[in-house]
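Please keep the sequence and the model open while reading.

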Amino acid sequence: MSSRLLIHAHPRDENCRIINLTPEKAGWDYIGFEVMSLKAGETVSEATDRTEVCLVLVSGRARIEGAEQDFGLIGERMSPFDGLPWSVYLPPGTIWRAEAETDVELAVCRSPASGKYPARLIPPDEAGEVARGTGTNERFIRNILPDTAPAETLLVVEVITPGGHWSSYPPHKHDTDDFPNETYLEETYYHRLKRGSGFALQRVYTKDGSLDEAMAISNRDTVMVPKGYHPVGAPHGFDLYYLNVMAGPRRAWKFSMDPDQAHLPY
């Protein structure tokens, strides 16, 4: 039986989308998430409406315009495993446009906002890359839009998990409005496997058993995390990338560990 939290990529629609998750489809209040697959020379355009948007070039090079600004031809990597991301932040009430110079995979991350912050380019050196964890819990974090960066509700991060390692581990959750101990944040994971084949694993569960789903993740799958703990495992020989989007009523990443694994270093 397939999980209701697992979304498989579909053939491109009329707007070049292979993933199109709205809050209405997800059954929550904040996150909208799209992935667009463009061929070289193709152009897409959308309105931000009442949301702030973070455009992440998962792969490829494109000219990005938005909020009456030309951000130029950006993007260096042809694979999310081969370099750091270029991204663009856009406020609500604007139009953006992307013209692909190469084949492009573009993630469109959305959440509600009022328009407090201007549009800006987020270059690779701003995202950076830091190691987290030790041993087979080591993974590599790229903070595109952390809670220390200007935005209203949206948080965006990339993670590279080497084959044989665990990520989002020890299991943690952020489904309770109990600041400063924990914040309520919806979350999506967009997964890519370096080999393009094989699988990864993700479990989403609560301690009371009201939610407990374990999923085999294929390349370009999206997982929704409405609540609960949500660890990820990458099998030996299959490096894993994922793009996380989080959003909620308070823009702070505060979480609680599963007590069974809380003795382990994060």
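This is a predicted model: local features need pLDDT of at least 70, side-chain atom pairs count only at pLDDT 80 or more; totals for chains, interfaces and linings use all residues.

Residues are numbered from 1 along each chain as its sequence is written, and side-chain values use heavy atoms, with hydrogens and water left out.

**The sheet**

Seven strands form an open sheet in the order β1-β20-β17-β22-β14-β13-β12, with antiparallel pairing. Its edge strands are β1 (6–7) and β12 (130–132), each of which pairs on one side only. Strands are DSSP runs (E, at least two residues), numbered from the N terminus. Two strands pair if DSSP finds at least two bridges between them. Strands of a sheet pair through backbone hydrogen bonds, either parallel or antiparallel.

| Strand pair | Sense | Bridges | A bridge pair |
|---|---|---|---|
| β1 and β20 | antiparallel | two | I7 with T222 |
| β17 and β20 | antiparallel | four | T188 with M224 |
| β13 and β14 | antiparallel | five | I141 with V159 |

Strand β20 spans residues 222–225 and is covered on both faces. T222 and M224 are buried on one side, V223 and V225 on the other. Buried means under 20% relative accessible area, with a 1.4 Å probe and protein chains only.

**T188**

T188 lies in strand β17, residues 186–193. Is T188 buried or exposed? T188 is buried, with a relative accessible area of 0%. Its contacts (heavy atoms within 4.5 Å) leave out residues up to four places away in sequence. T188 touches L21, W28, I31, F33, T222, V223, L243, N244 and V245. T222 and V223 belong to β20.

**The pocket**

A pocket is an open set of points on a 1 Å grid over the protein atoms alone, where a 1.4 Å probe fits, with protein on both sides within 12 Å along at least five of seven lines. The largest pocket has a volume of about 260 Å³. That volume is the space filled by probe spheres set on the points, which are joined across faces, edges and corners.

The largest pocket is lined by 21 residues, and R132, N143, V157, M246 and W253 are the closest to its centre. Lining residues have an atom within 4 Å of a point. β13, β14, β17 and β22 (240–247) each supply at least two residues of this lining. By class, the lining has 12 nonpolar, five polar and four charged residues. Here Ala, Val, Leu, Ile, Met, Phe, Trp, Tyr, Cys and Pro count as nonpolar, Asp, Glu, Lys and Arg as charged, and the others, Gly among them, as polar.

Key:
Buried means under 20% relative accessible area, exposed over 50%, partly exposed in between (1.4 Å probe, protein chains only).
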